[in-house]
Amino acid sequence: MESGKNISCTSADVKMEQAKKGFRVKGISNGIISGITYGIYSTLVVVASGYDPLVSAAGFLAAPFVCSGLNDFFAGILLLFYNAKQGRLKELTRTLHTKPGKLLVIGFLLGGPIANGAYLVGLAMAGAYAIPISATCSLFGALFSWIFLKQKPTARIVLGMVVVVAGAITINMVKPEGAPNFTLGIICALIAAIAWGLEGVFSSFGGAMIDTDVAVNLRQLISGLVVLIIVVPAVGAFNLLFGTLAAVTPVLWLVLSGLSAAVSFLTWYKANAMVGTAIGMSLNVTYAFWGVLFSVIFLGQTLTPTMVIGSIIIVIGAILVTMNPLDLFKKGAE
């Protein structure tokens, strides 16, 4: 009888371990997808910015914030249709009345109007070089999650974070020609990294208790509306907004970028909730590699040795944070 109980317990333990492993693998997969799709978003929004009236807009804030607001708003509308089909529309208003929902809104404002706006300004000024600098958000995410969520990183995770930062620094060692506002663009990318790091903490807390699809839908809608209603008029870009909508072509590209951003944030929030902020953000920041790669292939960005080396370093850092490379050899020996 005792033997039967032991076998039953062992079987249950094995199933529990398999479930945990499957949950972790799914979380890691979401993190990887979020990185690829954000790299696609970064490329598409630059394409949209290359069309009139955005390309000839006066001022360095106007075009980036118009793009940011329209991108997030379109992403929110697309997710609204998706959640309506899933029967979750009532959850949107209900979520806003909960404590986790209110904390998420703070994260939405940090990651949307502030981070995304600063990121696009950085892209406009420093080109693809701003992408890996913004990827240091993984370092800030781990730091803030350690401080506020008590998710103390291991030595390996810390090493991975340092490697990610080293990769970002390597990419930016060589200043590109024809970029007079390069330094300001890098500073804007750094501001985006800090704000995204804070958003990661809020999304990890609230996302664990609220449906991810609902949370991201609210994020994109709130971010888009705040930018379009408050920020765009504040930076004197109201006429540019209507001119862009009338031009149609840039709007089509922004709809596509909005779709990519929607998928990226959905998978990022899921990864943060499933495997923690540090790992989720470290996988998400591989967008630095994908963004640079897509910029080189589709936008004709000049490929420099520092770009190649730095992008590879960032990917290695993300892998270090996600898993112990020695585990690969252990499994191979079994």
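1. Buried means under 20% relative accessible area, exposed over 50%, and partly exposed in between, using a 1.4 Å probe and protein chains only. On that scale Asp 211 is partly exposed, with a relative accessible area of 34%, whereas Arg 88 is buried at 16%.

2. This is a predicted model, in which local features need pLDDT of at least 70 and side-chain atom pairs count only at pLDDT 80 or more, while totals for chains, interfaces and linings use all residues. Residues are numbered from 1 along each chain as its sequence is written, and side-chain values use heavy atoms, with hydrogens and water left out.

3. A search of the whole structure finds five salt bridges, a salt bridge being a side-chain nitrogen of Lys or Arg within 4 Å of a carboxyl oxygen of Asp or Glu. One of them joins Asp 211 to Arg 88, with the closest N and O atoms 3.4 Å apart. Asp 211 lies in the loop between helix H8 (182–207) and helix H9 (212–234), and Arg 88 in the loop between helix H2 (62–85) and helix H3 (89–96), so the pair ties together parts that are 123 residues apart in sequence. Helices here are DSSP runs (H or I, at least four residues), numbered from the N terminus.

4. Arg 88 also forms a salt bridge with Asp 213, at 3.2 Å between the closest N and O atoms. Because Asp 213 lies in helix H9 and Arg 88 in the loop between H2 and H3, this pair ties together parts 125 residues apart in sequence.

5. Asp 213, buried at 6% relative accessible area, meets Lys 270 in a salt bridge as well (3.8 Å, N to O). Lys 270 lies in helix H11 (residues 249–275), 57 residues apart from Asp 213. Salt bridges that share partners join Arg 88, Asp 211, Asp 213 and Lys 270 into one network.

Note on methods: Helices (H or I, at least four residues) and strands (E, at least two) are DSSP runs, numbered from the N terminus.
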